[in-house]
Amino acid sequence: MYTRIKEFRVREGITQADLAQKAGVRRETIVFLEKGKYNPSLRLAHHIACILHTSIEELFFFDDETEPEMNNS
């Protein structure tokens with residue numbers, strides 16, 4: 001999974017600490033999210049997207065290699 005949190009956070013002029021406080025998580029959680037080393041809950045992803053004035057789809061995405069295949073049976 002990839003994330004654009006840092007890009008949107010910087011665009012909004014928000015520090016990692018500010019985002020963490022607004023989202024109700026530790027700053028380390030934001031660091032791990034920005035590095036793609038932590039998969040947030042849907043609730044947290046939605047909350048961060050709202051704080052950054054964007055959608056979950058704009059912040060989080062999978063590349064073709066890591067996206068699970070859909071079974072059409």
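Local features were taken only where pLDDT is at least 70 and side-chain atom pairs only at pLDDT 80 or more, whereas totals for chains, interfaces and linings use all residues of the predicted model. Residues are numbered from 1 along each chain as its sequence is written, and side-chain values use heavy atoms, with hydrogens and water left out.

Helices (H or I, at least four residues) and strands (E, at least two) are DSSP runs, numbered from the N terminus. The largest nonpolar core has 16 residues. A nonpolar core is a set of buried Ala, Val, Leu, Ile, Met, Phe, Trp, Tyr and Cys residues joined through side-chain atoms within 4.5 Å. Buried means under 20% relative accessible area, exposed over 50%, and partly exposed in between (1.4 Å probe, protein chains only). The residues with the most contacts inside this core are Ile-5, Leu-19, Leu-33, Ile-48, Leu-52 and Leu-59. H1, H2, H3 and H4 are the elements that give two or more residues to the core. H4 gives the most, with 5 residues. In soluble globular proteins, nonpolar side chains tend to be buried together.

Ile-48 touches Ile-5, Leu-19, Ala-23, Ile-30, Leu-33 and Leu-59, not counting residues up to four places away in sequence. Contact means heavy atoms within 4.5 Å.

Helix H2 spans residues 16–23 and helix H4 spans residues 42–51. Their axes come within 10 Å and cross at roughly 120°. H2 is therefore oblique to H4. Axes are lines fitted to C-alpha atoms, for helices over the stretch in contact, and angles run from 0 to 180 degrees between N-to-C directions. Angles under 35 degrees count as roughly parallel, over 145 as roughly antiparallel, 65 to 115 as roughly perpendicular and the rest as oblique. On the H2 side, Leu-19, Lys-22 and Ala-23 take part in the contact. They meet Leu-44, His-47, Ile-48 and Ile-51 of H4. By class, the residues of this contact are 5 nonpolar, 1 polar and 1 charged. Ala, Val, Leu, Ile, Met, Phe, Trp, Tyr, Cys and Pro count as nonpolar, Asp, Glu, Lys and Arg as charged, and the others, Gly among them, as polar.

H2 also packs against H3, at an angle of about 110° and with the axes 8 Å apart. H2 is thus roughly perpendicular to H3. Here Gln-16, Ala-17, Leu-19 and Ala-20 of H2 meet Arg-27, Ile-30, Val-31 and Glu-34 of H3. The contact holds 5 nonpolar, 1 polar and 2 charged residues.

Helix H3 covers residues 27–34. Its buried residues are Thr-29, Ile-30, Val-31, Leu-33 and Glu-34. They pack against strand S1 (2–3), helix H1 (5–12), H2, H4 and strand S2 (60–61). Thr-29 counts as buried at 18% relative accessibility. Beyond its neighbours within four places in sequence, Thr-29 is in contact with Tyr-38 and Leu-44. Glu-34 counts as buried at 16% relative accessibility. With the neighbours within four places again set aside, Glu-34 is in contact with Thr-3, Ile-5, Lys-6, Arg-9 and Gln-16. Just after H3, Gly-36 takes a positive phi of about 75°.

Ile-56 belongs to helix H5 (residues 56–59). At 23% relative accessibility, Ile-56 counts as partly exposed. Residues up to four places away aside, Ile-56 touches Leu-42, Ala-45, His-46 and Ala-49. Ile-56 and Arg-4 are 52 residues apart along the chain, and their C-alpha atoms are separated by 10.0 Å.
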